[in-house]
Amino acid sequence: MPHDPRMHTAEHVLNQAMVRTLGCARCFSAHINRKKSKCDYRFHRDLQEGEVRALQELINAQLRRGLEVREEYLDRGTAGTCFGLERLPADAGDRIRIVRVGDFDACPCIGPHVKNTLEVGRFLLISHDFTDGVLRLRFKLGSP
Ligand SMILES: [Zn+2]
């Protein structure tokens, strides 16, 4: 399996937290592994420590809500008006799978997810750095 379901679900919540707190786009690249993952964002600067804390608190607050992770299918045209489809593989087809994390996040995705955010465990942002317009965040998860 290319993606760990807990880590990958955490990526969804992290992306939405980045959109809400920093106003940036979802990550354009992600390397998801069971022990440690990283996500790259197009941004104009590094994060400040207060922002790191706020991000982590928002993510953990959402995970602790026990949000249900659900999927639905939309035709490509409808999905394209609501979501960016650029990270989907070209062969994703005409029925696009949308993954919702409770009322917090929704995005098109083909990967594996947990059923409830309580399964993810505690989110820990372990480092951040900024190079050439790319903000890289690395994170790991505590046991659920
Ligand atoms: Zn996903």
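His-8 is buried in this predicted model, its relative accessible area being 4%. The residue is one of the donors to a zinc ion, which is coordinated through NE2 of His-8, NE2 of His-12, SG of Cys-109 and NE2 of His-113. The coordinating distances run from 2.0 to 2.1 Å. Around the metal, the four donor atoms subtend angles of 99 to 121°. Four donors count as tetrahedral if all angles lie between 85 and 135 degrees, so the arrangement at the zinc ion is tetrahedral.

The spacing of the donor residues along the sequence is H-x3-H-x96-C-x3-H. His-8 belongs to helix α1, residues 5–22, whereas Cys-109 lies in the loop between β5 (105–108) and β6 (123–131). The pair therefore ties together parts that are 101 residues apart in sequence. Cys-109 is buried as well, with a relative accessible area of 9%.

The loop between β5 and β6 also holds Thr-117. Thr-117 has a relative accessible area of 1% and is buried. Leaving aside residues up to four places away in sequence, Thr-117 touches Gln-62, Leu-63, Gly-66, Leu-67, Val-69 and Val-101.

The cysteines can be considered next. The model has zero disulfides. Cys-27 is in no disulfide, and the nearest cysteine sulfur, in Cys-39, is 4.0 Å away. Cys-27 is itself buried, at 2% relative accessibility. For Cys-82, the closest cysteine sulfur is that of Cys-107; the 13 Å between them is too far for a bond.

Gly-93 is partly exposed, with a relative accessible area of 30%. Asp-75 is 18 residues from Gly-93 along the chain, and the C-alpha atoms of the two are separated by 8.9 Å.

Aromatic side chains complete the account. One aromatic pair is counted in the model. A charge also sits over a ring: the charged end of Arg-42 is placed over Phe-28, 3.7 Å from the centre of the ring.

Conventions
Residues numbered from 1 in each chain as written. Predicted model: local features only at pLDDT ≥ 70, side-chain atom pairs only at ≥ 80, totals over all residues. Heavy atoms only, no water. Phe/Tyr/Trp six-rings, centres within 6.5 Å; stacked < 30°, edge-to-face > 60°. Lys NZ or Arg CZ within 6 Å of the ring centre and 35° of its normal. Buried < 20%, exposed > 50% of the residue type's maximum accessible area, 1.4 Å probe, protein only. Disulfide = S-S within 2.5 Å. Donors = N, O, S within 2.8 Å, 3.2 Å for Na, K, Ca; no water. Tetrahedral: all angles 85-135°; square planar, octahedral: opposite > 155°, others 65-115°. Helix = DSSP H or I, 4+ residues; strand = E, 2+ residues; numbered from the N terminus. Contact = heavy atoms within 4.5 Å.
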